[in-house]
Amino acid sequence: MSDWDTVTILRKKPPKASALKTEQAVNAARRQGLPVDTQQKFGAGTNKQHVTTKNTAKLDRETEELRHEKVSLDLGKLIMQGRQAKGMSQKDLATKICEKPQIVNDYEAGRGIPNNIVLGKIERAIGIKLRGKERGQPLQPPGEKK
């Protein structure tokens, strides 16, 4: 036999994990008496993203409509009166408090979601209290007591 006819196999690759999981490989292992471990994975092969939970039923029973709290119309009128007393347009007030004109418009129309930071800026810009018991009263400068 010549050197050209002999074949040398250096290394035989072991079977891949996916090949060991086939039904044929599992049956062969059972016939040989080897231990076979099978596990059912939770939610395997299904889209568990859109499953009805206990909370969904609770939300369905909820009769009250859930929505954001809006500023009151009287607050909007206070802002409008204070702004007009200072001779400012909505855009001028928005520029002064570093907000968009749409936010000032929403607050005056009673559509805005109350934000204490924005209300504080508007209070300082127009000089009128917009929060608390003394609504509509002139804003006292800091450090000055009644």
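Trainee: What share of the residues of the chain count as buried?

Mentor: Of the 146 residues, 19% count as buried, where buried means under 20% relative accessible area, exposed means over 50%, and partly exposed lies in between, with a 1.4 Å probe and protein chains only. Keep in mind that this is a predicted model, in which local features need pLDDT of at least 70 and side-chain atom pairs count only at pLDDT 80 or more, while totals for chains, interfaces and linings use all residues. Residues are numbered from 1 along each chain as its sequence is written, and side-chain values use heavy atoms, with hydrogens and water left out.

Trainee: What makes up the secondary structure of the chain?

Mentor: There are seven helices and zero strands, taken from DSSP runs (H or I, at least four residues, for helices; E, at least two, for strands) and numbered from the N terminus. The order of elements is therefore written α-α-α-α-α-α-α.

Trainee: Why is Ile122 called buried?

Mentor: Ile122 has 0% relative accessibility, which is under the 20% limit, so the label buried applies. Ile122 belongs to helix α7. Beyond its neighbours within four places in sequence, Ile122 is in contact (heavy atoms within 4.5 Å) with Ile79, Leu93, Ile97, Gly127 and Leu130. Its C-alpha atom is separated by 6.6 Å from that of Ile97, 25 residues apart along the chain.

Trainee: And Glu123, a charged residue by class: why is Glu123 called buried?

Mentor: The value for Glu123 is 5%, again under 20%, so Glu123 counts as buried. Glu123 is also in helix α7. Leaving aside neighbours within four places in sequence, the contacts of Glu123 are Ile128, Lys129, Leu130, Arg131 and Leu139.

Trainee: How do you know that Cys98 is exposed?

Mentor: Its relative accessible area is 65%, which is over 50%, so Cys98 is exposed. Cys98 sits in the loop between α5 (90-96) and α6 (101-109). Its phi is near 60 degrees, a positive value in a residue other than glycine. Gly110, which follows α6, has a positive phi too, near 80 degrees.

Trainee: Which residues of α6 are buried, and what covers them?

Mentor: They are Val104, Asp106, Tyr107 and Glu108, and their cover includes α4, α5 and α7.

Trainee: What makes the crossing of α4 and α7 left-handed?

Mentor: The term requires the near helix to be turned anticlockwise from the far one by less than a right angle, whereas clockwise would be right-handed. The axes of α4 (residues 73-85) and α7 (residues 116-126) cross at roughly 35 degrees and come within 9 Å. Those axes are lines fitted to C-alpha atoms over the stretch in contact, with angles from 0 to 180 degrees between N-to-C directions. The crossing of α4 and α7 is accordingly listed as left-handed. Leu75, Leu78, Ile79, Gly82 and Arg83 in α4 meet Leu119, Ile122 and Ile126 in α7. By class, that contact has six nonpolar, one polar and one charged residues.

Technical notes: Ala, Val, Leu, Ile, Met, Phe, Trp, Tyr, Cys and Pro count as nonpolar, Asp, Glu, Lys and Arg as charged, and the others, Gly among them, as polar.
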